[in-house]
Amino acid sequence: SKQINVALIGNPNTGKTSVFNALTGLNQKVGNYPGITVEKKEGICKLPRGVKAHIIDLPGTYSLNASSLDENVVIELLLNRNDKDFPDVAVVVSDVENLKRNLLLYTQIKDLEIPTILVINMADRMEYKGISLDIPYLEKKLKTKIALVSTRKKQGIEELKQLITNYKEVSDEPCLNASEVDVDYFNSLRKAFPNQLLYKLWLVITQDVNFGKIDRNEVETLDDFKTKSKADLKRLQQKETIKRYQFINNVLKVGQTIDTSQAKDLRTRLDRILTHKVWGYLIFFLILLVIFQA
Ligand code: GDP
Ligand code: MG
């Protein structure tokens with residue numbers, strides 16, 4: 001039977017690699033993407049009923065408006081349905097303390113109409129921060145299934161495996177539509193490419209990715225659409241980002257509550273600083289001791 005292709009995507013430091021490790025255990029392989037020094041981590045996750053998932057831990061990226069080699073790897077994979085690693089399901093890993101920023105990338109992936117699961121990681125931090133989430137509401141508004149995970153506490157991983165197993169039930173509908181950013185521009189794009197995903201075309205136009213992986217004819221015709229100046233395209237990208245944050249703010253206004261009076265964070269932070277300070281002083285005095293001995 002066919003393996004389920006899973007791509008782990010997310011902002012840096014959201015715990016992607018921790019989720020990858022929790023899913024794949026020791027069944028991992030680390031290599032490089034052909035021709036570049038970006039690390040490629042892949043692994044196998046065993047799911048119920050003998051099903052296997054092939055999991056790729058993609059480089060951290062803040063958005064699909066790529067600006068680095070690492071980020072290009074992510075967008076090239078997501079734009080190329082013929083790639084053998086093209087995901088059946090994308091798993092976006094977010095960190096509960098930075099949901100707003102993390103969801104920007106999530107909404108972009110949804111616009112590519114790839115079935116997408118949302119992992120909200122670091123759930124162990126919620127109590128400290130006084131954060132509570134209305135998961136059913138968030139699932140409805142973000143058109144997804146959510147796994148609330150703490151890799152540190154080893155919670156939510158089985159639920160995530162369940163969601164991956166049943167990935168066919170995960171929506172591939174976009175949750176907002178970037179083409180509303182400039183209706184005229186996108187309407188002309190739609191006319192020229194009636195069967196193509198507008199957001200994908202938009203990314204090909206604005207990104208400096210390796211077009212070798214995308215149909216050549218398509219790209220050459222697309223070049224005609226670069227009629228706008230670079231500054232114009234940049235301005236449209238900014239409008240896109242603003243539109244996405246408006247959507248995200250509206251969703252979080254209801255779906256997320258942060259009650260700082262409930263947060264136990266100050267104490268834990270103080271504890272942490274104190275223990276760090278103690279180590280700092282110890283090392284400092286050890287160095288002094290060594291100097292005076294010498
Ligand atoms: P990546 O950059 O997205 O691959 O993130 P990593 O897996 O390297 O994790 C980034 C940091 O977050 C590390 O210091 C982890 O120990 C920490 N981290 C990962 N998962 C959790 C979690 O569930 N809870 C907490 N509190 N920290 C976590
Ligand atoms: Mg990592």
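I looked up H3 against H10 first: helix H3 (residues 99-111) packs on helix H10 (residues 230-255) at about 115 degrees, with the axes 9 Å apart. That makes H3 roughly perpendicular to H10, where 65 to 115 degrees counts as roughly perpendicular, under 35 as roughly parallel, over 145 as roughly antiparallel and the rest as oblique. Helices here are DSSP runs (H or I, at least four residues) numbered from the N terminus; axes are lines fitted to C-alpha atoms over the stretch in contact, and angles run from 0 to 180 degrees between N-to-C directions.

I note that the model is predicted, that local features need pLDDT of at least 70 and side-chain atom pairs pLDDT 80 or more, while totals for chains, interfaces and linings use all residues. Residues are numbered from 1 along each chain as its sequence is written, chains are lettered from A and ligands numbered from 1 in the order written, and side-chain values use heavy atoms, without hydrogens and water.

I checked the hand of the H3 and H10 crossing, and it is right-handed (the near helix is turned clockwise from the far one by less than a right angle; anticlockwise is left-handed). For contacts (heavy atoms within 4.5 Å), I found Leu99, Lys100, Arg101, Leu103, Leu104, Thr107, Gln108 and Asp111 in H3 meeting Glu240, Thr241, Arg244, Tyr245, Phe247, Ile248, Asn249 and Leu252 in H10. By class, this contact has seven nonpolar, four polar and five charged residues; Ala, Val, Leu, Ile, Met, Phe, Trp, Tyr, Cys and Pro count as nonpolar, Asp, Glu, Lys and Arg as charged, the others, Gly among them, as polar.

I then took helix H8 (residues 198-206), which packs on H10 at about 135 degrees with the axes 11 Å apart. That makes H8 oblique to H10. The crossing of H8 and H10 is left-handed. Tyr199, Trp202, Ile205 and Thr206 in H8 meet Leu233, Leu236, Gln237, Glu240 and Arg244 in H10. I get five nonpolar, two polar and two charged residues there.

Helix H7 (residues 183-192) was next: its axis comes within 10 Å of that of H8, crossing at roughly 105 degrees. That makes H7 roughly perpendicular to H8. Tyr185, Phe186, Leu189 and Arg190 in H7 meet Leu198, Leu201, Trp202 and Ile205 in H8. I count seven nonpolar, no polar and one charged residue in this contact.

Last, I looked for cavities (on a 1 Å grid over the protein atoms alone, sets of points where a 1.4 Å probe fits but cannot get out; lining residues have an atom within 4 Å of a point). There is one cavity of 30 Å³ or more. The largest cavity has a volume of about 40 Å³, volume being the space filled by probe spheres set on the points, which are joined across faces, edges and corners. Its lining is Leu78, Leu79, Arg81, Phe86, Leu112, Ile114, Leu197 and Lys200.

Methods
On a 1 Å grid over the protein atoms alone, a cavity is a set of points where a 1.4 Å probe fits but cannot get out, and a pocket is an open set with protein on both sides within 12 Å along at least five of seven lines; lining residues have an atom within 4 Å of a point. Helices (H or I, at least four residues) and strands (E, at least two) are DSSP runs, numbered from the N terminus.
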